[in-house]
Amino acid sequence: MIQLHDVGVRFGARQVLDAVTLSVPRGGRLGVIGPAAAGKSVLVKVIAGLVAPTTGRLVIDGIDVTGFSEERLAPVRARIGMLFQNYALYDFLSVEGNVGFPLVRRGEPADRVATRVRDRLRAVGLAGSEAKLPSQLSGGMKKRVGIARATIAAPELVLYDEPTAGLDPVTTSKMYDLLRADHERSGATAIAVSSDVAALITFVDTVVFVYQGRAHYQGPAATVADAPDPVVRQFVRGALDGPLVG
Amino acid sequence: MIGERTVTLVGTRAVAVSREVGGITILFGQILRALLPPRIDGRELVKNLHKMGNRSVPIVALTAFFAGGLMVVQSAPFVKRLDATSLAGWAAGYAVLREVGPILIALMFSGRVGANNTAELGTMTVTEQLDGLRALAIDPIRYLIVPRVVSMMVMLVCLTVIGDLVALVGAAIVAKAVLNIEFGIMYGSFTENLTPHDFLHGVYKSLAFGWAIAVTSCYFGVTVRGGAVGVGRAVNAAVVAAAVSVMLIDFFLTYLNV
């Protein structure tokens with residue numbers, strides 16, 4: 001279970017996150033939505049231990065990991081897979097090298113890594129792209145390589161930062177079908193940030209609406225369009241008129 | 001009013017420089033910590049040794065050849081006037097081994113390898129690749145920075161030794177062409193007047209220069225902010241910082257005659 005208690009993050013004079021409290025049960029799927037620059041990506045990076053909270057506590061499976069050093073965070077991170085907004089594919093490695101990297105670093109045998117990489121690439125629709133370099137891929141392909149890398153080591157928690165940004169609607173649907181099937185099979189917890197609310201709510205069961213650095217609203221994904229909060233309703237429906245600022 | 005503005009400007013600059021020096025010191029501490037015990041990623045180390053060293057040999061050799069020749073050309077009028085042909089090799093060799101060789105090769109290395117290193121690490125930073133490593137529980141300092149720092153230090157020493165040799169050959173060839181001094185006389189002038197300390201003095205300098213170029217180029221690479229524009233700024237800052245560091249270190253090592 002992931003729990004954030006009054007988490008705040010400040011970069012210089014800017015308060016990016018402010019007193020965010022939320023919890024995600026084991027196996028749960030949380031969608032993070034909100035306007036641009038609301039702090040969604042920072043929230044995910046806090047959960048991954050990549051950004052240290054200025055205030056508050058981060059608890060993972062009952063262990064308070066706030067303030068852990070990089071060394072102490074290592075075993076926690078080993079249980080997490082993450083897809084980055086900008087893919088974060090390693091330029092110096094091929095597609096095969098990128099996807100297999102988490103397994104190679106764990107010391108898994110080369111033949112096992114190769115088999116797993118082939119399976120994962122087939123699952124994301126990139127079979128035969130093993131030898132390509134990231135610079136030879138389109139944005140959508142990079143995204144799929146990133147998803148393959150984030151999930152290859154069967155992590156207990158997968159964080160997706162904009163998993164379908166830049167993908168066409170059909171590929172977006174395919175991608176969420178893939179994520180859904182993956183998570184139903186593995187039972188892993190998922191936290192996904194996306195601006196494509198309509199597609200996201202087909203995958204997650206709960207959403208949190210981050211607005212001006214705060215967890216402004218939390219509720220079931222299925223009914224978010226009819227949320228009692230007018231700011232959330234306006235954002236989800238994409239209405240021009242309403243109380244939403246920014 | 002102008003005085004107040006000047007003080008503010010100087011103060012702001014001083015704070016900015018202190019911040020960078022502090023950051024470089026912290027990174028150096030992290031590198032030292034990662035080296036104890038020394039667990040370096042072998043593949044990254046070999047890759048960097050090749051990329052930073054082997055590929056720099058032609059440009060370093062070319063620079064060194066002309067640097068050696070230049071020393072002879074500069075001293076030619078005095079050698080002719082004093083008829084001191086037996087000292088031509090000593091003059092060129094002394095300047096090349098102790099000063100000109102290490103400095104020129106270090107500045108060349110900084111422009112070629114250091115700038116490239118900053119750009120590469122900077123691009124990795126802005127595209128979240130360093131965070132990507134951390135997310136996989138891999139320490140970027142140990143995995144990326146340490147092999148680069150070790151490679152740069154080792155390779156700058158190797159390149160300086162190669163450059164010294166090429167510069168002496170260049171000096172002998174130019175001495176024959178310009179002053180008609182026989183190779184045997186130049187060889188004798190080198191061996192009789194230059195000491196192992198002259199050579200080692202340059203080697204120690206190159207080791208220190210390699211450290212300075214490596215740490216500054218890595219620091220400005222991993223602290224990039226602001227996308228492609230930020231990478232450009234970081235490369236610029238890294239080259240300037242490395243050049244200033246090289247000059248400062250050179251002054252103190254020469255003064256101490258290490």
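**Sheet and interface, term by term**

Mentor: In this predicted model, chain A has an open sheet of four strands, ordered β2-β1-β4-β5, with antiparallel pairing.

Trainee: What makes β2 and β5 of chain A the edge strands?

Mentor: Each of them, β2 (14–24) and β5 (63–64), pairs on one side only.

Trainee: How do you know that β4(A) and β5(A) pair?

Mentor: Pairing takes at least two bridges. Strand β4 (residues 55–60) and β5(A) have two, in the antiparallel sense, so they qualify as a pair. Ile60(A) sits opposite Ile63(A) of β5(A). Helix α1 (residues 40–47) of chain A packs on the sheet too, touching β1 (2–11), β2 and β4, and its direction is about 120 degrees from that of β1(A).

Trainee: Why is the meeting of Asp131(B) and Lys45(A) called a salt bridge?

Mentor: The cut-off is 4 Å between a Lys or Arg side-chain nitrogen and a carboxyl oxygen of Asp or Glu. Here N to O is 3.4 Å, so the pair counts. Between chain A and chain B the count is five salt bridges.

Trainee: Which residues does the side of chain A that touches chain B hold, by class?

Mentor: They split into 13 nonpolar, three polar and six charged.

Trainee: What makes Tyr90(A), Phe92(A) and Arg105(A) stand out?

Mentor: The area buried between chain A and chain B is about 1800 Å², 53% of it from carbon and sulfur atoms. Those residues, Tyr90(A), Phe92(A) and Arg105(A), supply 28% of what chain A buries against chain B, more than any other three residues.

Definitions and conventions
Residues are numbered from 1 along each chain as its sequence is written. Chains are lettered from A and ligands numbered from 1 in the order in which they are written. This is a predicted model: local features need pLDDT of at least 70, side-chain atom pairs count only at pLDDT 80 or more; totals for chains, interfaces and linings use all residues. Side-chain values use heavy atoms; hydrogens and water are left out. Contact means heavy atoms within 4.5 Å. Axes are lines fitted to C-alpha atoms, for helices over the stretch in contact, and angles run from 0 to 180 degrees between N-to-C directions. Buried area is the accessible area (1.4 Å probe) that two parts lose on being put together, summed over both. Ala, Val, Leu, Ile, Met, Phe, Trp, Tyr, Cys and Pro count as nonpolar, Asp, Glu, Lys and Arg as charged, and the others, Gly among them, as polar.
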